[in-house]
Amino acid sequence: MNRPLLLVWQDEFSQQVPIIDEQHRAILATINSLHYFLQQGLEFESLLPTVKLLISYILFHYKTEEGILNSTEYPELKNYQQAMDNLITEFKVECHHAKQQKQPEQVLIFLKNWWKNHLEEHKTITPYLHDWSGEYCRVDKQEEREK
């Protein structure tokens, strides 16, 4: 396995939304840990805790973005939610295939492609993330106004 599967944080990845950038960095760090363990010759089965952590963290990240997008009334929220569901399903299928075919690098290739697509998706969603006031629920804000 060669280094091109390593994902190194670059300033151009920044969305200028601290919670999102922090989560993006953590996801890349976890992907790179998986890369490192594979380079060390660990069998894919022994990496399943790292893979499960990555699935959980990506899902956590999407839920964070979803909460922000919901609070800023993002018009494509349903499509965003469907894409999130599809990604998790595809990732699990990819992991299953990689395990069966004994080609764990397929998971890294999948994740590298997901990362590029996720950054591309941010061209659409980041303006809404910037509209976020730091509160996750616009209803709370409205209830305060009514009091």
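Gln16 is exposed, with a relative accessible area of 58%, where exposed means over 50%, buried under 20% and partly exposed in between (1.4 Å probe, protein chains only). Gln16 belongs to the segment before H1. Its phi is near 60°, a positive value in a residue other than glycine. The model is predicted, so local features are given at pLDDT of at least 70 and side-chain atom pairs at pLDDT 80 or more, while totals for chains, interfaces and linings use all residues. Residues are numbered from 1 along each chain as its sequence is written, and side-chain values use heavy atoms, with hydrogens and water left out.

The protein contains 5 helices and 0 strands, in the order α-α-α-α-α along the sequence. Helices (H or I, at least four residues) and strands (E, at least two) are DSSP runs, numbered from the N terminus. Of the 147 residues, 40% are buried. The accessible surface is about 8800 Å², and carbon and sulfur atoms contribute 50% of that surface; areas come from the Shrake-Rupley method with a 1.4 Å probe, and for residues only the protein chains shown count as cover. Among contacts with a separation of 6 or more, 71% join residues 24 or more positions apart, a contact being heavy atoms within 4.5 Å.

Helix H1 covers residues 18-39. Its 22 residues should span 32 Å at 1.5 Å a residue, and the end C-alpha atoms are 31 Å apart, which agrees; the expected span is 1.5 Å times one less than the number of residues. The buried residues of H1 are Ile20, Asp21, Gln23, His24, Ile27, Leu28, Thr30, Ile31, Asn32, Leu34, His35 and Leu38. Their cover includes helix H2 (48-71) and helix H4 (105-130). After H1 comes Gly41, with a positive phi near 90°.

Asp21, a residue of H1, is buried at a relative accessible area of 10%. Apart from neighbours within four places in sequence, Asp21 is in contact with Trp9, Phe13, Ser14, Gln15 and Gln16. The exposed Gln16 is therefore one of the contacts of Asp21.Two packed helices are described by the angle between their axes and the distance between the axes. Axes are lines fitted to C-alpha atoms, for helices over the stretch in contact, and angles run from 0 to 180 degrees between N-to-C directions. H1 and H4 pack at about 175°, with axes 12 Å apart. This angle makes H1 roughly antiparallel to H4; angles over 145 degrees count as roughly antiparallel, under 35 as roughly parallel, 65 to 115 as roughly perpendicular and the rest as oblique. H1 contributes Ile20, His24, Ile27, Leu28, Ile31, Leu34, His35 and Leu38 to the contact, and H4 contributes Val107, Leu108, Leu111, Trp114, Trp115, His118, His122 and Leu129. By class, the contact of H1 with H4 has 12 nonpolar, 4 polar and no charged residues. Ala, Val, Leu, Ile, Met, Phe, Trp, Tyr, Cys and Pro count as nonpolar, Asp, Glu, Lys and Arg as charged, and the others, Gly among them, as polar.

H3 and H4 pack at an angle of about 170°, with their axes 9 Å apart. H3 and H4 are therefore also roughly antiparallel to each other. On the H3 side the contact is made by Tyr80, Leu87, Glu90, Phe91, Glu94, Cys95, His97, Ala98 and Gln101, and on the H4 side by Gln106, Val107, Phe110, Leu111, Trp114, Glu121 and Ile125. The contact of H3 with H4 is made up of 10 nonpolar, 3 polar and 3 charged residues.

For H2, 24 residues at 1.5 Å a residue should span 34 Å, and the end C-alpha atoms are 34 Å apart, which agrees. Thr50 is in H2 and is buried, with a relative accessible area of 16%. Not counting residues up to four places away in sequence, Thr50 touches Thr30, Leu34 and Phe37. Of these, Thr30 and Leu34 are among the buried residues of H1. Leu59, also in H2, is partly exposed at 33% relative accessibility. With residues up to four places away again left out, Leu59 touches Met84 and Ile88.

Glu73 lies in the loop between H2 and helix H3 (77-101). Just after H2, Glu73 takes a positive phi of about 55°, in a residue other than glycine. At 53% relative accessibility, Glu73 counts as exposed.
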